[in-house]
Structure formats: C-alpha cells, structure tokens
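Here are a few friendly notes to read alongside the model. Have the rings in view as you go.

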Amino acid sequence: MPFLQDLIHQLEQGPGLRYVRVALAVLGVAVLAVGYNLRAFKNFYAPEAMDMAQLARNLAEGRGYTTLCIRPVTIHLVKTTSEQHGRGPVIEGGIRDDARLYTGHPDIVNPPVWPVLLAGLFKVLPLPEEVQAEPPFRYAPELAVVAFSQVLFFALVGMVFWLARRLFDHSVAWLSAMVLVVSEVFWRFALSGLPTVLLWVWFVALAICLVRLEEGGRESPERAGRVFGWAALAGLIVALGCLTQYGFGWLIVPVVLYVWWVGGPRRRPAALVSLAVFVLVMTPWLIRNWYWSGLPFGAATYTVLDGTYVWPDDRLARSLQPRFEVPVGVAPLSPLWNKFFANLKLIMTQDALRFGGSWVAALFLAGLLVPFLHPARQRLRWFVVLCLPVLVVVQALGRTYLSDETPEINTENLLVLAAPLVVMYGVAFFLTLLDQLELPFYSLRLTVMGLFVTVVGLPMLLVFLPPRPTRTSYPPYNPLVIQRASAWLRPNELMMTDVPWAVAWYGKRQAVLLTRHFLPPPQEASSPDTFFAINDYLKPINALYLTPRSTNAKFLTDWVWAGERSWANLIIDALVSRSVPPWCPLRAAPNGFLPEQLFLADWARWRPGAQTSSGGASTGP
C-alpha cells in the first residue's frame, strides 16, 4: 500500500505528472491522426507528387535518375543537347537515341532530395504494386509516402516546440504545437505526397540555426569559429531546401542579409561563408542538369515563362520545339511583367491571410506592431518578414498551370513555407494579449486558450462531419483504371496521355504528355508539335489514353477553335460517332469506349494474354 500511495502521489503531484501529460498528448495526436487518415485520405491528386514518387521508384529499382513521365519540352531539351555534343547512344538498327526514349529519359524537371529520400523508403519497404480492386483503390506505395510525410510532420511539431520554448516559454511552446496539430492545411500537405512537409522541416531547422548564430554573435563575439560554423550550416540547409524545391533556394538572399546583420564583428566573412557553402552544394546538380539539357535547372528554368500570355496553360510543356518569341511591337519583358502583376493580385487577395495555415497569420501581422525586448525573438521575427516578400515574388513569377490543377496544395505555394514560424509568433502575440486581461481564475485562462485552439481547428473538425470527403481523386485519377489501361502495353512501349505522371506512377509505363496538336492545324501548318513528330521520328506510340482532363476541356477554345484533325476532333469522333478517323493509327479497345474516357491502342502489335481482366477498356470509377 505505501508503494501504491507513493506512485499515486508521483502521478498527481510529482514528476510523474509530466509523463502523464506527455502520454495523453501523444495518445490524443495518435487518435486524431488515425481518424483524419481514415476520413480524408485518398489517392494522390497533385501531378508533382506522382511524378516525384515514380522517379523515386526508378531510383530504388536501380534505373538511375530517369523518368517514365515525359514531357515534349524535355524531349526537345535532351535531344537538342545530345545532338549538339554527339553523345546519343546507338540502339538496334543503328539509330541514335538522342531523345533517350529507348535508353532511359533523364529527369530534368524535379530536384533530387525528395525522390532520393522516397527511394530509400521504397528500398527498405518492399511493397505490393497492385492497386486495391475495390474502392477507395488503395495503393501501398502511396500509403508509405503518406506515413513518411506524417512522421516528418510530427518531427516538425517537435522542432517548433523546442524553438518556441527556447525563445519564449512553455505556454507558447505547447500552444504552438497544438495549433500546428489542429490546423488542417498541414495535414492536407502531409496527405498529398508533396515535399512541402520536408521544406517546413528545412525552414524551421534554418530558423534554429540562425537563432544559434545570433546568440553566438551577440554573446560570444570573440568566438568567430562558432559563428562561421552556424553560417556554413545555414547555407547547407538552404541548399538542401533548394534541392528539394528550387524556389526555396531564393531564401539564400534573406539568409545572407540576416547573417550580415547579426553575425557580430566577423559578420561579413560569415555571410560569404553561407553563400559559398550554398553555391558549393548546388554546383554538382547544376552541372548535371546542364549536361543533359543545356540549362542549369533543366526544364524548370522555363518556369518563369510558363503561364505568360505567350505560353498560357500547359502549352510550353507540350511543345516539341518551343519558340521563345514575343509578338511584334511588344516589349521583351512584357509577358513577365504581366504574369507577375496578375499573380501578385491573386496572392494579395487570396493567399496573403492564409500563409500561416489559418487566420493566425492575422495575429502574426498585428504582432509586428509590438516589439520584443529579447533580441533573439525580435531578430528572428524580422528574418521571417524578410522572407515573405522574397517568397511572394518567387511565387508570382513561378506560378504555372500546376497551381490551377490543385489550388493551394501544390509545390508552387511558397508562402506557406513560413507557416510554422508564423504560427509560433501569432501564438506568442495571442498570449501577450491574454496576459493583459485580468482573469479571476487560472482555469479561465486555460478555457480561453482551449477556445482559441478549437476555433483554429474548426476546419479539421468539419472534416469529420457530413458530407464525407471523396475517397478517390477521380476525375481524372482512378488508380485501378490507369493500372489496367497501362497493362495493355509491354514495359518498353510508349503511351501518350494527358496524365503521364499517373500512368508512370500507377502503371509503370513510359508515358508522354499530349503534344499541342494531333496534326498541325491550318494556321500552323509547319508546327512540329504533333503526335506524329514523336510517333514517326522518335518512338512509336502504342496507346493513347485520355481522361476527363481532356474530354471535359473548354468547349469554345479547346474544341470549336481547335480545328479539324485536332485532339478535340479525335475525341468527338471517338466518343460521339463511335469511330476513329482513318488518319489515326490507333484503334479502340475491343470493349468500346466509356462516356468520359478514351483509350486507343495499336492492336496490330497486341499479343493474346497481354490484356488484363478489364478487357482493355477502362472501367468507371
């Protein structure tokens, strides 16, 4: 009995109470995670997530940094560079594979860190690659990616807790951690398969590094080695972030300025150390991209042009021979300025108050009017303020059609990278206001804090109420349909589709994005951006798979104005007339067409036994 009484006393009054609270917090987060995953999980819907995941699988299987998701513009870059240097491999028949469609197409779109991490995950965990036959069509590799992202998210919460406790106190630390956990936008990114969660980890790690550097420059100015070490680590973290998402690399500008500001007597050399480490780490990857494409960032170098009125929507990605010319009489930089200001308006009217993941961002902005006496708190907050305009400019110039494919949850949403620190400073300002209230009971203070967390977490709570979120990302992504359609092709054959990232991820088949035209329209009779430019001169296309991404296109601009022998004309003939034009070398699947999808194949080379139980035609979602 005395032992039991001592144990109860330890749990109620002694140090054991701390462990009980931590255990309850962990249990609550675990219950929330399981409930949210069961309620909101669905297959990947962001093209970037599927693209990087299939690239990671290729790495895990020993095929190098090659991709099955091919864009016409990357064919142009790889082919042109290979022809210029005469290094295209010779394949059977004495044909040079300058476009690398037979010998492995190098990926020149995605930075390497996220695919490399996922490749290690796939290497350690042998996972079944068959899509679940019943809704919601679970795919085991996707579950592994999501689990890994959520582990990173929990690590992020721990890092924010540590930083908040170091800069402020336990109240700010615990409340910041709870706000992060109940903010649905963080969970949505964790479920998306995108590298944004890893970027948050890099950003908070960078903040911790800069805090330690500021402390060293302020408290121990004579110890220059310590400042140089933290400056070098800051440059390394920014480089790793840039190799995760290229836009992150622009944060080297506020990092260098910050180190120059707080680095103590040796602040100038320390700032140069940060910049030098960043350049040193980035250089090998830039050289690799230059080797394959002639551009330092590969096809991503064209991002600033993508989405301008010269290259609207995904026209640049679908161009086999892009011509970078502006209309006669237009200033050369006019497309860029128009893109910047148009996207800046969208950011300021839609994203400006959501960059903290919730309305806590408003508290962060209001808190800028209240100075902190502690120099580390004040200086780190100004670092965040320095980062925001840089992220706004990069996001405005880097916005492409991917932002329209998946609004808010995409890799081009850069403002959200500051969300963890925005939450921390927003919570600190909220507690500062709360301290000004003369509450009669301490329990009333806890009640107000609980209400604050509840209001922030309302979007998360609403997920558990009707209606139930959709269980798949259809349209246009149905993993089972895509995998069965891909099974009609042999592993070395090529498919053309409007969702090449999905075919590469679920079907493990080489897939190229639709060219701009099926046949050149009369107004562009010499256009090389056609189906036959690939099929006749680079590699035969053995199947064509179109989803509602194309069949639900805009009626006037994408159908009526497209002209004869266009993709629209082919879709109308196939889905409405139930016949394929004679100038198309592909024919319908034996079981016919579905109302919303189109699958054509080269049945002359089809072998018995190659088809799956789907009979060659897609089945509805």
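**Notes on the aromatic rings**

1. F340 is buried, with a relative accessible area of 14%; buried means under 20% relative accessible area, exposed over 50%, and partly exposed in between (1.4 Å probe, protein chains only). W337 is partly exposed, at 48%. Before going on, please note that this is a predicted model, where local features need pLDDT of at least 70, side-chain atom pairs count only at pLDDT 80 or more, and totals for chains, interfaces and linings use all residues. Residues are numbered from 1 along each chain as its sequence is written, and side-chain values use heavy atoms, with hydrogens and water left out.

2. Rings of Phe, Tyr and Trp (its six-membered ring) pair if their centres lie within 6.5 Å; planes under 30 degrees apart count as stacked, over 60 as edge-to-face and the rest as tilted. That rule gives 37 aromatic pairs. One of them joins W337 to F340, edge-to-face, at 6.4 Å centre to centre with 80° between the planes. Both residues belong to helix α13 (residues 334-351), three residues apart, about one turn of the helix. Helices (H or I, at least four residues) and strands (E, at least two) are DSSP runs, numbered from the N terminus.

3. How are the rings of F518 and F531 arranged? Their planes meet at 20° and their centres are 4.9 Å apart, so the pair is stacked. F518 is in the loop between β5 (510-513) and α22 (531-535), while F531 is in helix α22, 13 residues apart. Both F518 and F531 are buried.

4. Finally, a cluster to look up: Y36, F153, F154, F186, W187, F189 and W200 form one aromatic cluster.
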